[in-house]
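User: I am new to this structure and would like to learn how to read its features one at a time. Could you begin with the terms for how covered a residue is, and then go on from there?

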Amino acid sequence: MSSTELHSEVMKMTLRMQCLIVPVILLINSIPYAYQQTAKVDGGETEWGSWINRSCSATCGKGATRTTDRHRNCTNPEPMNGGRACVHHPHESKVVNCGLGECPSKGSGSALTLEKDGLYIGLICSIIAISVCLILLIVACCIWNCRKPVKGDQNVEM
């Protein structure tokens with residue numbers, strides 16, 4: 001057998017071996033994937049998110065409180081293939097003090113509260129605006145009625 005023939009035979013045998021080995025390697029590599037597809041995976045909890053503050057229950061007073069919340073999920077990992085879901089509560093909340101100062105006493109300063117002050121200021125502004133409109137209307141009527149008739153003006157009777 002010549003060296004060329006020998007080389008050709010070795011190449012054929014190598015090709016045959018590759019045809020046998022490649023499917024075996026693919027089968028071996030797919031075993032963990034197949035196991036992973038059927039194995040039960042229980043759900044795991046993520047870390048808690050940050051606390052989210054809601055608004056205070058009042059604008060003043062040491063007893064004013066607010067609720068603060070945080071959340072977490074069951075995605076670390078997600079339950080798969082019949083695995084158990086997380087058994088925790090995904091939401092947590094607590095009531096905290098707002099840390100506000102005392103409310104002003106009714107005897108000090110103005111007798112009006114903040115809410116009533118805004119109402120009275122709005123009422124006063126409305127009265128002023130209406131008064132200005134009425135004054136402008138009266139002035140316009142006086143100017144219209146008191147003007148001197150001009151010759152040829154058809155709108156004015158002589």
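Analyst: Buried means under 20% relative accessible area, exposed means over 50%, and partly exposed is what lies in between, with a 1.4 Å probe and protein chains only. By that scale Cys142, at 42% relative accessibility, counts as partly exposed, while Cys133, at 53%, counts as exposed. This is a predicted model, in which local features need pLDDT of at least 70 and side-chain atom pairs count only at pLDDT 80 or more, whereas totals for chains, interfaces and linings use all residues. Residues are numbered from 1 along each chain as its sequence is written, and side-chain values use heavy atoms, with hydrogens and water left out.

User: What does the chain average in pLDDT, and which elements have the lowest and the highest mean?

Analyst: The term pLDDT stands for the predictor's confidence in each residue, from 0 to 100. The chain averages a pLDDT of 78, and 74% of the residues score at least 70.

User: How many helices and strands does the chain have, and in what pattern do they follow along the sequence?

Analyst: Helices (H or I, at least four residues) and strands (E, at least two) are DSSP runs, numbered from the N terminus. The chain has 2 helices and 3 strands, and reading along the sequence gives the pattern α-β-β-β-α.

User: In what order do the strands form the sheet?

Analyst: Two strands pair if DSSP finds at least two bridges between them. Here 3 strands form an open sheet in the order 1-2-3, with antiparallel pairing. Strand 1 (52–53) and strand 3 (91–97) stand at the edges with a single partner strand each, so one side of each is left without a neighbour in the sheet. Strand 1 is joined to strand 2 (residues 65–71) by 2 bridges, and Asn53 stands opposite Thr68 in strand 2.

User: How many disulfides does a search of the whole structure find, and where do they lie?

Analyst: A disulfide is a covalent bond between the sulfur atoms of two cysteines; for the search, the term is a pair of cysteine sulfur atoms within 2.5 Å. The search of the whole structure finds 3 disulfides.

In one of them, the sulfur atoms of Cys56 and Cys98 are 2.1 Å apart. This pair links distant parts of the chain, 42 residues apart, with Cys56 in the loop between strand 1 and strand 2 and Cys98 in the loop between strand 3 and helix 2 (114–146). Cys56 is partly exposed at 28%, whereas Cys98, at 13%, counts as buried.

Cys60 and Cys103 form another disulfide, with sulfur atoms 2.0 Å apart. Cys60 lies in the loop between strand 1 and strand 2 and Cys103 in the loop between strand 3 and helix 2, so the pair ties together parts that are 43 residues apart in sequence.

Cys74 and Cys86 also form a disulfide, with sulfur atoms 2.1 Å apart. Both Cys74 and Cys86 lie in the loop between strand 2 and strand 3, so this pair ties together parts that are 12 residues apart in sequence. Cys74 and Cys86 are buried.

User: Why is the disulfide of Cys56 and Cys98 left-handed?

Analyst: The torsion about its S-S bond is about -125 degrees, so the disulfide of Cys56 and Cys98 is left-handed. The link of Cys60 and Cys103, with 100 degrees about the S-S bond, is right-handed.

User: How many salt bridges does the structure hold, and which side chains meet in them?

Analyst: Side chains of opposite charge can pair when their charged atoms come close. A salt bridge is a side-chain nitrogen of Lys or Arg within 4 Å of a carboxyl oxygen of Asp or Glu. The structure holds 4 salt bridges, and among them is the one in which Arg72 and Glu45 meet at 3.2 Å, N to O. Arg72 lies in the loop between strand 2 and strand 3 and Glu45 in the loop between helix 1 and strand 1, 27 residues apart.

Another joins the side chains of Asp69 and Arg54 at 2.9 Å, N to O, with Asp69 in strand 2 and Arg54 in the loop between strand 1 and strand 2. Asp69, at 6% relative accessibility, counts as buried. Glu92 forms a salt bridge with Arg70, the closest N and O atoms being 2.6 Å apart. Glu92 lies in strand 3 and Arg70 in strand 2, so the pair ties together parts that are 22 residues apart in sequence.
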